2 protein chains.
Amino acid sequence: MRIIIIGGVAAGTKAAAKAHRVDPNNEIILYQDEAEVSYSACGLPYVISGVIDDERKVVIRQPEDFAKEGIQVFIRHRVTHIDTARRQLTVKNLITHVDAVVDYDRLILATGACPIVPNVEGITLEGVLTLRNISDLTRFKTVLTTFLPKQAVIIGAGYIGLELAEAFHELAIKITIVEKAARILPKFDAEMAQLVHDHLLENQVKLVLGDGLAKLHGENGKVTAIETESGKMIPADLVVIAIGVKPNVELAKAAGIELGSTGAIAVDSRMETRIPGVFVAGDCCETVNRVTGMPIWMPLGDIANLQGRVAGENVAGGNAHFPGVFGTAIFKTFNLTVAITGLSEQAAQESGFEPVSIVMKGSDRARYYPGRQEFTLKLIADRRDGRLLGAQVIGCGTVDKMVDIAATALLGKLTCADLENADLAYSPPFSPVLSPVIVAAGILNGKLTR
Amino acid sequence: MRIIIIGGVAAGTKAAAKAHRVDPNNEIILYQDEAEVSYSACGLPYVISGVIDDERKVVIRQPEDFAKEGIQVFIRHRVTHIDTARRQLTVKNLITHVDAVVDYDRLILATGACPIVPNVEGITLEGVLTLRNISDLTRFKTVLTTFLPKQAVIIGAGYIGLELAEAFHELAIKITIVEKAARILPKFDAEMAQLVHDHLLENQVKLVLGDGLAKLHGENGKVTAIETESGKMIPADLVVIAIGVKPNVELAKAAGIELGSTGAIAVDSRMETRIPGVFVAGDCCETVNRVTGMPIWMPLGDIANLQGRVAGENVAGGNAHFPGVFGTAIFKTFNLTVAITGLSEQAAQESGFEPVSIVMKGSDRARYYPGRQEFTLKLIADRRDGRLLGAQVIGCGTVDKMVDIAATALLGKLTCADLENADLAYSPPFSPVLSPVIVAAGILNGKLTR
């Protein structure tokens with residue numbers, strides 16, 4: 001059986017490896033239009049900041065590594081057409097520009113997502129960048145080393161924008177963030193997002209909210225300023241477009257493969273489309289929000305890996321299921337770790353729950369143990385049955401541990417009463433005697449039973 | 001209503017505070033035979049090592065702090081007799097030696113536990129110590145500053161023994177650990193305990209296993225050596241007895257309050273004894289192992305706090321329940337963090353489960369992100385239904401996070417298949433793209449379905 005995988009970053013390579021492990025007798029071919037496969041897009045901001053000292057480190061595996069396992073990887077090959085009836089696809093060699101028609105028995109689409117770039121005047125000026133793949137990284141490094149930028153404007157206050165703000169700060173570049181929405185981090189509740197807002201200001205980041213990019217100004221082909229929709233001129237010798245990403249669905253759409261309500265490719269829990277033998281994984285497909293049961297598009301590296309594993313297993317004849325996501329995410333900006341799982345209070349309200357919440361300060365060690373760090377924790381539960389709906393944690397220290405406990409609690413459909421009696425690991429170097437999650441669940445449970 | 005609480009460390013003070021919050025109109029009296037209340041016994045090893053620079057830091061609250069809330073705390077008062085029929089108790093002022101008879105309406109026993117000290121020759125020599133309370137700490141500091149010990153023998157390779165080994169190493173004291181059992185850490189599986197064993201040896205700790213303390217030798221009233229049951233003589237100018245603790249149940253027993261099969265005081269899920277109005281919390285009472293459903297005695301500070309909260313609520317007329325424990329524990333010795341939750345593979349076997357397990361290396365950051373640390377993770381599940389039974393994690397980095405995810409998974413009765421698709425927080429500074437818990441659950445799930 002010939003299995004073809006389109007796309008070779010997270011989901012595609014994971015699917016290839018898994019399919020090979022499940023049945024090494026299949027022929028597995030992977031086409032990737034970029035020059036690299038198997039890299040960590042999530043690591044790119046840290047290459048720019050210099051925290052990761054060698055950009056080659058974020059490329060996990062080379063085509064030769066796959067070849068050793070019998071997986072054929074073709075880089076610089078773009079699939080331009082799929083004929084699902086004939087089980088054929090057309091693939092263009094991007095170096096020779098020669099097209100070939102190739103038969104397949106089963107297919108995995110892992111075409112990923114790409115940055116949304118507004119079609120405004122000046123968008124092609126030098127110094128205007130996105131950050132998504134290794135080519136972007138190369139362009140970034142060229143700009144940083146050649147132009148030695150002094151003042152950057154980041155369009156968009158999402159995870160990438162805020163990670164890059166930290167990176168630019170490390171490089172002594174002044175930063176303005178322009179965000180169309182009235183506040184940053186719309187997936188977080190307002191009072192939690194405010195903590196990040198304040199932290200950015202403390203770190204000399206300028207925030208321009210409720211305003212969008214109208215056009216870019218330049219001289220000699222190089223960007224010199226941006227103009228916002230409200231007419232504000234902001235000087236900039238480096239502009240990053242980080243307003244979000246969109247799923248790469250054109251190929252699927254042209255082949256008659258159904259899209260979901262989020263605009264990403266629709267799949268069942270086996271990661272299969274309505275067209276038998278055609279699977280999808282990663283940033284190009286939608287999934288299910290396990291708290292609401294509704295479709296959600298969650299283009300994140302770990303989810304791509306989980307989905308790739310399921311698609312890879314099933315394409316090789318297995319029967320694995322991907323049950324969906326809880327919307328868990330974490331990122332770091334300056335000295336803050338910012339994490340969420342499940343629904344925000346606002347999202348819970350909009351989804352028809354009756355949210356009750358608690359916001360409190362917590363810390364990661366016993367009060368008397370040195371090196372203790374603090375964070376703010378918000379837990380949200382449904383008044384009707386006490387079930388945990390979500391958590392947000394922002395601060396220093398073991399923010400990641402707090403959100404992972406909450407994410408596991410969501411997986412177990414735990415109530416606040418359950419969580420209040422969790423048996424978590426305590427010793428002074430690792431936790432206060434009662435974990436902040438336990439304390440918060442206890443207070444919230446008290447609110448619920450009143 | 002007059003509520004009397006006997007014991008003022010973790011459970012007793014927590015119960016007092018909770019009872020007061022639930023109903024501030026009750027009279028609340030707390031008797032404590034020691035000179036201090038509300039201290040963290042778990043912090044004591046770190047005072048000895050010097051990590052905590054001031055011993056007063058481990059005393060969380062003073063009697064005056066309780067008085068402000070209207071809770072009367074009597075230190076140096078020992079309850080010597082309880083008459084449950086008359087609802088009276090006899091309390092001795094340990095300074096004046098005057099006995100008083102006091103009426104109560106409801107009672108909480110939080111009498112704690114004390115070190116097991118073998119009745120061997122030389123046990124009263126100077127330099128022979130236990131570490132459980134502030135008096136012990138004072139004796140410890142006197143010995144350390146007066147005798148300037150050079151070589152310590154620790155009897156018992158439990159948590160306290162291993163924490164003290166690290167503390168003594170910091171103080172440049174040579175360490176021998178003598179353990180009666182054939183190996184250290186019997187609650188852990190052998191291959192996991194071996195990691196700690198090896199680490200102790202690497203840190204110049206001498207281990208004498210399968211041998212117990214027979215007698216202590218001394219000169220001028222000061223310890224000079226220990227003699228083991230096999231006749232080995234080990235020179236020592238400091239000996240710590242850390243072979244375990246026993247629940248303080250004499251008072252309860254004399255009052256006709258029932259003990260459980262573990263030897264600790266039996267309670268229902270409301271932390272109440274068979275004698276109405278008499279509650280128990282903390283290290284003196286037994287609880288339920290939520291994996292096996294069997295009684296377990298788990299004398300740990302965080303459990304004492306959880307139980308104190310429930311007893312405090314119920315004594316004041318509430319109806320809270322404490323559902324039991326999963327046996328979660330964590331400690332640090334030298335550079336290793338050592339953690340467990342649920343059953344070991346051996347305990348699972350002995351409890352009638354059909355355990356299947358996976359042991360693997362994991363790390364706490366993306367491969368390419370600097371500062372990554374490694375640990376060994378063991379997951380155990382039941383072959384029959386795939387349900388997680390326990391986890392052990394030993395190493396560096398986010399060991400505490402791994403075990404708390406597993407502990408929360410146990411709380412949610414999750415299977416390996418559930419856990420394999422957990423949506424945990426990923427970003428390169430905080431986790432590999434798939435959490436080691438997810439990877440381990442996936443491998444284990446593969447074993448289970450084969």
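Colleague: What kind of model is it, and how are things numbered?
Modeller: This is a predicted model, where local features need pLDDT of at least 70 and side-chain atom pairs count only at pLDDT 80 or more, while totals for chains, interfaces and linings use all residues. Residues are numbered from 1 along each chain as its sequence is written, chains are lettered from A and ligands numbered from 1 in the order in which they are written, and side-chain values use heavy atoms, with hydrogens and water left out.

Colleague: How many residues of chain B are in contact with chain A?
Modeller: 62 residues of chain B touch 62 residues of chain A, contact being heavy atoms within 4.5 Å.

Colleague: And how much area do the two chains bury?
Modeller: About 5,200 Å² between them, with 64% of it on carbon and sulfur atoms. Buried area here is the accessible area (1.4 Å probe) that two parts lose on being put together, summed over both. On the chain B side, B:Tyr368, B:Asn421 and B:Asp423 lose the most area to chain A, together 15% of what that side buries.

Colleague: How many salt bridges cross over?
Modeller: The rule finds 6 across the interface of chain B and chain A; it asks for a side-chain nitrogen of Lys or Arg within 4 Å of a carboxyl oxygen of Asp or Glu. A:Asp404 and B:Lys401 form a salt bridge, with their closest N and O atoms 3.9 Å apart.

Colleague: Which helix of chain B gives the most to that side?
Modeller: Helix 10 of chain B, with 9 residues. Helices (H or I, at least four residues) and strands (E, at least two) are DSSP runs, numbered from the N terminus.

Colleague: What about helix 10 in chain A, is it mostly covered or open?
Modeller: Mostly covered: 13 of its 13 residues are buried. Buried means under 20% relative accessible area, exposed over 50%, and partly exposed in between (1.4 Å probe, protein chains only). Just after helix 10 of chain A, A:Lys413 has a positive phi of about 50°.

Colleague: Switching topic, where is A:Asp189?
Modeller: A:Asp189 is in the loop between strand 11 (174-179) and helix 6 (190-202) of chain A. With a relative accessible area of 4%, A:Asp189 is buried.

Colleague: Which residue does A:Asp189 form a salt bridge with?
Modeller: A:Lys378, at 3.0 Å between the closest N and O atoms. A:Lys378 lies in strand 24 (residues 374-382) of chain A and A:Asp189 in that loop, so the pair ties together parts that are 189 residues apart in sequence. A:Lys378 is buried as well, with a relative accessible area of 1%.

Colleague: How about B:Lys378, what's its partner?
Modeller: B:Glu345 forms a salt bridge with B:Lys378, the closest N and O atoms being 2.8 Å apart. B:Glu345 sits in helix 9 (residues 345-350) of chain B and B:Lys378 in strand 24 (residues 374-382) of chain B, 33 residues apart. B:Glu345 is partly exposed at 22% relative accessible area, whereas B:Lys378 counts as buried at 1%.

Colleague: Last one: which residues of chain A join into one salt-bridge network?
Modeller: A:Asp189, A:Glu191, A:Glu345 and A:Lys378, through salt bridges that share partners.
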